[in-house]
Each structure stands twice: as structure tokens, then as C-alpha cells.
Amino acid sequence: MSNTKQIPRRGTLARAESRQALGFVSPALAGLALFTVVPVVLSIVMGFFNWPTFGEKTFVGLDNYVKLFTQSPDFWPALRNTFVFALLYVPISVGLSLLLAISLSARIRGRGMLRVLFFIPVVTPMVANVLVWKMMLQPQGLFNGLSQTWFGVELPNFLADPQWAMIMVVMMSVWQGLGYNMLIFSAALEQLPESVVEAARIDGARGFRMLWSVTLPMISPSLFFASIMTMITALQVFVQPQLLTGGGPGNATQPLVQFIYNQGFKFQELGLAAAAAWILFAIIIVLTALQFRAQKKWVHYEH
Amino acid sequence: MSIDTLPAATAVFDAETDAPAEPDDRSGGREPLTKRGRVRLVFAHIAVYVAAAIFVSPIVYAFFSALKPNSEMFSMPPTLIGSEVRWSNFVDVFAYGPFLTYIGNSFFVSITGTLVVLAVSTTAGYAFGRLRWKGRDAVFVIFLATLMVPQEVLVIPMFQVMQWFGWVDTYQSLILPFAFTAFGTFLMRQFFRGIPFELEEAARVDGAGPIRSFLQIILPLAKSAVAVLSVFTFLSFWNSYLWPLIVTVDYAAHGTLPVGLASFSGLQGTRWDLQMAAAIISMVPTTVLVIVLQKHLVKGIAMAGLGGR
């Protein structure tokens with residue numbers, strides 16, 4: 001990597017460099033302290049307090065955490081919704097984007113343009129994407145309209161039906177996020193060492209066999225990375241349900257982040273919201289650690 | 001402009017130069033096609049293009065809906081083009097809400113935020129990557145650790161901090177809290193370490209201090225990394241929704257595009273035609289950015305595997 005020579009240096013020159021380094025790094029240090037370290041510490045503290053946006057703050061110990069699990073009517077459903085969303089979203093999204101990346105192989109004409117096309121919803125403001133889907137999913141919208149005209153079948157009211165609402169939130173999210181993982185997989189596929197692929201082909205590997213025994217193991221680090229990142233973003237889902245269904249009907253699609261948002265900024269219970277945020281963080285850490293543990297079984301690194 | 005993006009990814013780890021990507025080989029270096037293979041390839045093209053058509057259809061439909069009169073949005077059977085083509089919807093949307101203000105705010109916040117991130121990340125990256133000082137590695141570990149904290153944990157206490165500062169509903173509250181994340185510093189540090197130290201030594205021997213060699217030697221060599229960081233930072237500010245939603249009170253004054261767009265749907269008698277026009281307009285800048293800078297975007301993803309969000 002680098003060739004920094006770690007020769008201990010003394011004297012004015014080294015001291016001058018230290019001073020200048022401090023100058024270079026202090027804006028970043030100050031900002032990070034003020035806008036990350038202080039909030040993190042504050043957040044831990046807030047979790048132990050009854051902390052209204054305005055007014056008296058009182059220490060309540062672990063009450064916020066107990067309250068979430070025993071009294072808060074929306075907490076368990078929010079937890080369930082978050083898991084249901086992640087369980088549906090992660091495999092569909094990773095699977096489809098992998099399929100797409102493989103399909104857009106070197107022999108497809110215009111694949112560069114196609115990749116850009118699949119990437120557009122990723123960078124578009126999510127709010128705009130949601131608005132478009134919301135219009136299509138209206139009872140008189142495109143989906144139901146086409147179904148009635150072409151097949152004479154009346155579709156359910158997608159956003160007002162608890163089960164369908166979640167499916168539509170997942171569908172919309174898959175559409176919007178597909179291009180990101182696709183680019184990761186494309187980059188990985190593009191960097192497959194030609195020698196290995198060639199050797200496998202000489203050994204007679206073709207089609208599905210080639211994919212399963214050669215290609216997938218070789219891009220497994222990318223697969224692993226994409227699954228972890230996708231899972232983390234899935235557990236943090238907020239915009240799609242908030243705008244598509246408002247978390248409803250009832251609380252059928254309200255995920256944990258929306259619960260946190262509502263507690264903090266609708267009901268002004270910042271302490272309760274902070275506690276819920278830490279529970280979410282703990283879940284993310286535990287699930288990520290589990291995935292790292294499982295990777296030994298299926299991820300192949302070259303070095 | 002080259003359309004093919006991915007060959008650039010192979011040049012990614014060649015951090016020192018902006019070496020041009022390998023010329024694209026359409027055959028992908030594979031054996032010549034048999035007749036059966038050619039038939040298969042035709043079907044592969046059809047499948048991929050049909051998938052792409054289905055994929056973009058929501059945006060296409062939204063675009064045509066933005067050109068319809070509102071009364072025909074949900075006509076049965078559904079139509080793509082209404083009884084008239086109303087380009088005026090794209091003008092009327094600016095009168096519907098303070099849409100121009102939202103766009104202006106989004107550009108201001110995203111550009112200023114990107115500049116702050118660039119200034120902070122390049123200087124800190126230089127200190128971590130190329131200067132020697134006591135405690136450097138320990139401080140860097142703390143930097144990296146902060147990457148683990150999710151935004152959801154931060155927004156609640158951050159709102160409290162903003163209240164203490166009296167910054168709720170101000171531009172600085174939209175820009176500063178997320179301009180100091182460790183990601184940019186990490187990215188720049190990694191890049192700077194890849195630059196040969198001999199390059200700087202010579203200047204140092206000639207008496208240039210760190211400031212001069214940072215500005216005149218290191219920074220000019222880091223153009224592609226700076227470009228990658230700029231794009232991702234700009235996109236993450238431009239698309240950010242949760243934090244602006246929390247910290248903005250007066251949308252008409254400080255609302256950014258996502259917040260303004262979301263508040264549209266709450267306005268009197270939902271005007272779907274104007275909402276679609278607004279949605280399409282808000283897609284334009286990012287789409288243009290992606291098309292123009294696709295190479296850097298792909299590089300960024302391959303380089304760090306991380307995106308804005």
C-alpha cells in the first residue's frame with residue numbers, strides 16, 4: 001500500500017508538522033464532535049429521560065424501554081412490519097438485481113444505456129418515485145384501469161388493504177432500489193479473471209453450471225456486501241411507507257423508523273423515540289454480526 | 001460521450017492516474033457464436049429490452065400524465081395521451097406552491113453542503129493520510145466508528161441540539177449536521193495514501209510546507225476522487241428527506257424539493273397533473289447528473305461500494 005517511513009523524527013520540523021496536521025484535521029474533528037459524538041451521547045441520555053420537546057425533563061431510568069415493549073400499542077406492529085419488509089425486500093431485490101446484472105452481459109447491445117436507465121430511480125428523489133406509484137395504485141389508477149379494461153377484473157384497493165399495502169410498499173421499493181445492486185454486481189462480473197472463466201469452459205462448464213459453480217462463488221464477496229447493505233437500508237425504511245400508505249391502513253405498514261419519527265416529532269416524546277432508535281440500532285448490529293458470521297460458509301475471498 | 005459505463009470500473013483501483021478505461025470489446029472476449037447461440041442472443045435481447053420497458057413504464061406514464069388535464073387523470077379505459085397535450089402544466093406547477101423556492105433551496109443546500117464536505121474531507125484526509133502526528137491512528141479509528149451510527153439514531157438528539165443553537169428552520173441546520181460524516185474523510189484518506197510519497201518529498205525538500213504541497217501537488221492529483229465524492233454528496237443532500245422534514249417548519253421559506261414535493265399531496269383537491277409535472281421536474285437534475293457523470297458514479301460504487309442516502 002503506502003510507503004510511509006515510520007522513522008521517529010524529533011525537533012522543530014516534526015513539531016511544525018504536527019501543528020499543521022492539527023490545523024488540517026480540526027474542522028473535521030470539531031464538526032464530528034458537535035454533530036455526531038455529542039448527539040450520540042445525548043441520545044443515550046435522552047433514552048433514560050422523559051424528554052418532551054418543550055418543558056421539564058425527568059429521569060425515568062429504563063422506563064422508556066419497558067414502556068415500548070409493554071405499553072406502546074404501535075411498537076410491536078412496527079417491529080413486525082420492519083421485519084416483514086426486510087424479509088420480502090432483501091431477497092427479491094438482491095435476486096432481481098443479480099439476474100439483471102447477469103442478463104446485461106457483454107453481448108447485449110446498448111447495455112451501458114440500459115444500466116443508466118435502471119439506475120435513474122436510484123438517484124431520483126424518492127418522494128417523486130413514490131408520488132408516481134401512488135398515482136398508479138389509486139383505485140381508478142393505471143393498474144386497476146388496465147386490469148378492468150383488458151381482463152374485466154377488478155383489482156383490490158392496493159393501498160387500503162393491509163396485506164396488499166405492504167406488498168406494494170415492497171414492490172415500489174424494489175423498483176426504486178434495483179439499479180444500485182445491479183451496478184455493484186455488474187462491476188464484479190466485469191472483473192472476473194478471464195483465466196479462471198476460460199479454464200472452467202475448457203473443463204466443460206456451460207450455462208447454469210458455470211453460473212452456479214464458477215461465477216457466483218467468484219462474485220460472492222459482492223453478493224455478501226450487497227446483502228448486508230440492502231438489509232441495513234431495509235431495516236431503516238421510512239419514506240416509502242410514510243408517503244405511499246402513511247403507515248396504514250391502521251398501522252399495517254408502519255415501520256420502526258416511522259414509529260420513531262411519530263413518537264419524536266408528532267407526539268413530542270423525544271426520550272421514547274431515542275430509546276426506540278437504540279433498539280433499532282441494536283437489531284441492525286446483531287443481524288449484521290450474524291451475517292458476518294455466516295459468511296465463512298459461503299463467501300470466497302481470493303487472498 | 002461514451003454510453004458504456006463499466007469498463008471504467010476496471011480502472012478504479014489504479015488510484016494514481018486517471019488512466020482511460022480499456023476500450024470496450026463487444027464480444028466480451030468470448031468464442032464466436034454458433035447458430036444456436038445467435039438465436040439465443042436474439043431472445044436475450046428481447047427479454048432484456050422488455051424488462052427495461054416495463055421498468056421505465058412508471059416514469060413514462062408519469063410524464064404523459066403530467067401533460068393531461070387533471071379531469072382525465074383516471075379516465076376509464078386508461079389513456080396515455082389525454083384529449084389535449086397540456087405543456088402548461090409544467091408552468092402552472094410553479095404557481096401551485098412555492099415550487100421555485102423548493103428547487104432553489106435544494107440547489108443551495110446541496111451545492112453548499114457539497115462544498116463544505118469537500119473542504120472538510122480533503123483537508124482531514126490529507127492529515128490522516130499523509131502527515132505524521134501523535135494519536136493519528138487512534139483518532140482515525142474513532143472517525144471510522146462513527147460510520148456505524150445510523151441517521152435514525154442521530155436525528156432525535158440532533159433536533160435537540162438544533163433547538164439549543166436556535167437553528168431550527170434555518171439553512172445551516174439543513175447543511176451542517178450531515179456535512180461532517182466520516183465517509184468523505186475516509187474516502188479521501190484512502191485515495192491520498194495511494195499517491196507516491198516521492199512526489200511530495202521533492203517539493204518538501206525545496207521548502208514547500210504541507211499547505212503548499214496539499215494545494216499544489218496532492219489536490220490536483222485527486223480530481224477523480226473529488227469528483228466521486230462530489231456526486232455522491234450532492235445526491236445525498238438533494239434526495240435527503242427525513243432530516244429536512246424534521247428540521248424545517250416553514251416549507252415556503254426553507255423547504256427543499258423532497259419536503260415540498262411531499263407537502264404537495266396534502267394540498268387542497270389533489271392536483272395529480274401538477275404533482276406529476278413536479279415529480280418529473282425533480283427527476284431532471286439527478287438524471288442529467290447520472291448521464292453526464294456515469295463513469296464517475298460507477299467508479300464510486302466500485303471504489304467504495306457506498307452511495308449517498
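Visitor: How many salt bridges does the rule find across the interface of chain A and chain B?
Guide: Two salt bridges turn up across that interface. This is a predicted model. In one pair, the side chains of Glu17(A) and Arg132(B) meet at 4.0 Å, N to O.

Visitor: And how many residue pairs are in polar contact across the interface?
Guide: The rule finds eight, with both residues of each pair at pLDDT 80 or more.

Visitor: Which helix of chain A gives the most to the side that touches chain B?
Guide: Helix α1 of chain A, residues 12-47, with 20 residues. By class, that side of chain A has 64 nonpolar, 27 polar and 13 charged residues.

Visitor: What area is buried between chain A and chain B?
Guide: About 9500 Å². Carbon and sulfur atoms give 74% of that area. On the chain A side, Phe24(A), Phe35(A) and Arg107(A) lose the most area to chain B. Together they make up 10% of what that side buries. The contact takes 104 residues from chain A and 110 residues from chain B.

Visitor: Is Phe24(A) buried or exposed?
Guide: Buried means under 20% relative accessible area. Phe24(A) has 7%, so it is buried. Tyr126(B), at 0%, is buried as well.

Visitor: What is the geometry of the rings of Phe178(B) and Trp243(B)?
Guide: Their centres lie 5.7 Å apart and their planes stand at 70 degrees, so this pair is edge-to-face. Phe178(B) sits in the loop between α6 and α7 of chain B, and Trp243(B) in helix α11 (residues 242-247), so the pair ties together parts 65 residues apart in sequence. Phe178(B) is buried at 18% relative accessible area. Trp243(B) is buried at 1%.

Visitor: Which residues do ring pairs link into a cluster?
Guide: Phe118(A), Trp133(A), Phe143(A), Phe158(A), Trp164(A), Trp175(A) and Phe55(B).

Visitor: One last residue. Where does Ser220(A) lie?
Guide: In helix α10 of chain A, residues 220-235. Ser220(A) counts as buried, at 2% relative accessibility. Its side chain reaches the backbone oxygen of Pro217(A) at 2.6 Å. Leaving out residues up to four places away in sequence, Ser220(A) touches Trp298(A), Val299(A) and His300(A).

Conventions
Residues numbered from 1 in each chain as written. Chains lettered and ligands numbered in written order. Heavy atoms only, no water. Contact = heavy atoms within 4.5 Å. Buried area = accessible area lost by both parts, 1.4 Å probe. Polar contact = N/O pair within 3.5 Å; in protein donor to acceptor, adjacent residues only side chain to side chain. Helix = DSSP H or I, 4+ residues; strand = E, 2+ residues; numbered from the N terminus. Nonpolar A, V, L, I, M, F, W, Y, C, P; charged D, E, K, R; others polar. Buried < 20%, exposed > 50% of the residue type's maximum accessible area, 1.4 Å probe, protein only. Phe/Tyr/Trp six-rings, centres within 6.5 Å; stacked < 30°, edge-to-face > 60°.
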